[in-house]
Amino acid sequence: MYKVAAAVGLAAALGGCAPQMTKLEREVASKDVPTAMFVFFQKDSVVPVEGSEEVFDQTAAVLSVFDNIGVKVVAHRASDERKKIEGLPLDEARVRILMGHLSERGVADKVVSAISQGNKESMAAAAGGDRAVDRRGELIFGLVPGG
């Protein structure tokens, strides 16, 4: 009886040392890992559209729950946007903004790679000509090397 009580007490003590999951992390842990998440930007800008904070939070939660998953950050520019902003290619500036938002959430070390694509991967034609879909950043999940 004493051994059982000691084991239960030890388990409770060790459980108290483990970091507690947030509600969002518990929700993420109960689902399959998404393939990708998207952030869209205002035209000619590095400012994400409203609602993007939730995407960054969910990305951070995935990366905190699954330690063998990383993310590739890919940024794009629509053909009707200016090519540069403050001396940087617009898509490269968007990569930096995306990575900054992830870094603020403690996941910069989990970023596998970052790529700026310019307007090479247009999706506007598939979206009925809506160029807003090309003002995007993609957060593409995958296994980390050796994961």
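Glu86 lies in the loop between strand 3 (84-85) and strand 4 (88-89). In this predicted model, Glu86 has a positive phi of about 50°, although it is not a glycine. Most residues other than glycine have a negative phi. Glu86 counts as exposed, because its relative accessibility is 81% and the cut-off for exposed is over 50%. A positive phi, about 55°, is also found at Asp44, again not a glycine. Asp44 lies in the loop between strand 1 and helix 3. At 24% relative accessibility, Asp44 counts as partly exposed.

Four strands make up an open sheet with mixed pairing, in the order 1-6-2-5. Its edges are strand 1 (36-40) and strand 5 (111-116), each of which pairs on one side only. From one strand to the next, the twist averages 15°. Strands of a sheet pair through backbone hydrogen bonds, either parallel or antiparallel. Strand 2 (residues 69-75) and strand 6 (residues 136-143) run antiparallel and are joined by seven bridges. Within this arrangement, Ala75 stands opposite Gly137 in strand 6. Strand 1 and strand 6 are also antiparallel, with five bridges between them. Here Phe40 stands opposite Arg136 in strand 6.

Side chains alternate along strand 1. Met37 and Val39 point to one face and are buried. One aromatic pair is counted. The pair consists of Phe38 and Phe40, whose ring centres are 6.4 Å apart. Their planes meet at 20°, so the pair is stacked; the cut-off for stacking is under 30 degrees.

Helix 3 packs on it and touches strand 1, strand 2 and strand 6. The direction of helix 3 makes about 155° with that of strand 1. Helix 4 (residues 90-104) lies across strand 1, strand 2, strand 5 and strand 6. Helix 4 runs at about 150° to strand 2.

Helix 3 has 14 residues. From its first C-alpha to its last, helix 3 reaches 20 Å, close to the 20 Å expected at 1.5 Å a residue. An α-helix has 3.6 residues a turn, so residues three or four places apart point the same way. The buried residues of helix 3 are Ser52, Val55, Phe56, Thr59, Ala60, Ala61, Val62 and Leu63. These buried residues pack against helix 2 (23-29), strand 1, strand 2, helix 4 and strand 6.

Ser52 is found in helix 3 (residues 52-65). Its relative accessible area is 5%, so Ser52 is buried; the cut-off for buried is under 20%. The side chain of Ser52 reaches the backbone oxygen of Val49 at 2.7 Å. Beyond its neighbours within four places in sequence, Ser52 is in contact with Val39 and Phe40.

Asp134 lies between strand 5 and strand 6. Its relative accessibility is 3%, so Asp134 counts as buried. A polar contact of 2.7 Å joins the side chains of Asp134 and Ser122. Asp134 and Arg77 are 57 residues apart in sequence. In space, their C-alpha atoms are 5.8 Å apart. With neighbours within four places in sequence left aside, the contacts of Asp134 are His76, Arg77, Ala78, Glu121, Ser122, Met123 and Ala124.

How values were computed: Residues numbered from 1 in each chain as written. Predicted model: local features only at pLDDT ≥ 70, side-chain atom pairs only at ≥ 80, totals over all residues. Heavy atoms only, no water. Helix = DSSP H or I, 4+ residues; strand = E, 2+ residues; numbered from the N terminus. Buried < 20%, exposed > 50% of the residue type's maximum accessible area, 1.4 Å probe, protein only. Polar contact = N/O pair within 3.5 Å; in protein donor to acceptor, adjacent residues only side chain to side chain. Contact = heavy atoms within 4.5 Å. Phe/Tyr/Trp six-rings, centres within 6.5 Å; stacked < 30°, edge-to-face > 60°. Pairing = 2+ DSSP bridges. Axes fitted to C-alpha atoms, helices over the stretch in contact; angles between N-to-C directions. Expected span 1.5 Å × (residues − 1).
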